Amino acid sequence: TCALPISMKETKIRSIDGTEKDIPVLKEAGQIIRAGGLVVFPTETVYGIGANGLDADACRSIYTAKGRPSDNPLILTVPGKEEAKAAASYVPALAEKLMDIFWPGPLTLVLPRKAVVPDAATGGLDTVALRCPAHAGCRAFLRAAAVPVAGPSANLSGRPSPTTAAEAARDMGGRVDMILDGGACDVGVESTIVEVLEDEVVILRPGAVTEEMLAAVTPRVTVDKTLITGTGVPKAPGMKYRHYAPNAPMQVFVGRTEAVAAAIERETLRLRKGGGRVGYLVSTETADLLQTADAPTFVWGRHGDKKELARNLYTGLLFFDTAPADYILAEGVAAGDIGTAVMNRMKKAAAGAVVDV
Ligand code: TXA
Ligand code: MG
């Protein structure tokens, strides 16, 4: 997916576990960032690929490593409110309140940017997206870096985001200087992104911080129209691309397990008649109901357990990198809670092919 020629680097892979052993590793990671290099790092949502967010050349090298379109801005990852304020030219009281309540955690705030943030980080926008992760290893890394870390997800552009260091290494091995292995990500889908206006919050990308949670803080929460209609130009430029895509076309079925299993069986027959090989991404309960033999199957967890699906979604999509399937038949979850974020990603991964059964 990356057409640009890139020179291969030697990638060091280092585990961090929150003990003193991490100190020399994190010190080296911080030096790499300040010297303009690239470090893959864990967060509670997905793994990120980090560079010095104040260094335009370092930011540009992220685009090269990911094969990312240059109009798609980077998130700046910071350890706290003070560092966020150093990058934003104006912080409405509402934004400050959201930081106090949801930081550190999976909420990214879009605010007007200060001039210190280079165009190379914001894709030329006059705003900057700021994220303060909760993952302890990530926080230690950010303190060691001592600069805001531009940190998009550590996948090649368009691919599913990595939720383990091994998955990040698959896409980024040879393209970055270091990978910090902080274990499997707890949330599994990317942070909620909101634009914060004077007294209104606009959701640009759904995540673990839900509309309901935001509505408990401020009465005016809206959702970017393009997220709902699927048409128009989204305010988060990254949301316009085909994204999170596995290696085979995917269809998603949402409903009761019996109905999902029946729909998957019907579709299996149809696709196999045409000579296609099918694979399944389904719940334990639906897997038990499926009669079809020899379809490569990734069981993501219990039916309707939204947190578990969120955690396993991308690993499930990546399973089909190597599984022999021409088509993926997947089970979705109902909207609400983190289900809204899961279905937003599944819909994109399936290029819109989601049906309620
Ligand atoms: O959970 C996360 O947010 C992960 C972890 C690694 O922190 N990061 C992440 O970054 O998902 P990325 O680059 O894969 O997604 C960032 C999204 C893109 O859709 C981008 O277009 C949008 O944020 N974005 C960045 N800056 C923006 C801005 N100033 N205004 C609107 N959208 C922005
Ligand atoms: Mg991404």
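Guide: At 2% relative accessibility, Thr 77 is buried (under 20% relative accessible area; exposed is over 50%, partly exposed in between, with a 1.4 Å probe and protein chains only). This is a predicted model, where local features need pLDDT of at least 70, side-chain atom pairs count only at pLDDT 80 or more, and totals for chains, interfaces and linings use all residues. Residues are numbered from 1 along each chain as its sequence is written, chains are lettered from A and ligands numbered from 1 in the order in which they are written, and side-chain values use heavy atoms, with hydrogens and water left out.

Visitor: Which strand is Thr 77 found in?

Guide: Strand β4, residues 75–77. Strands are DSSP runs of E with at least two residues, helices are runs of H or I with at least four, and both are numbered from the N terminus.

Visitor: And what is Thr 77 in contact with, leaving aside neighbours within four places in sequence?

Guide: Phe 41, Arg 131, Pro 133, Leu 142, Pro 148, Val 149 and Gly 151. Contact means heavy atoms within 4.5 Å.

Visitor: What about the phi of Asp 337?

Guide: Also positive, about 50 degrees, and Asp 337 is not a glycine either. Asp 337 lies between β15 (327–331) and α13 (339–349), in the loop, and is exposed at 52%.

Visitor: Which residues does a cis peptide bond join?

Guide: Trp 103 and Pro 104, with omega about -10 degrees. Pro 104 is in the loop between α4 (93–102) and β5 (107–112).
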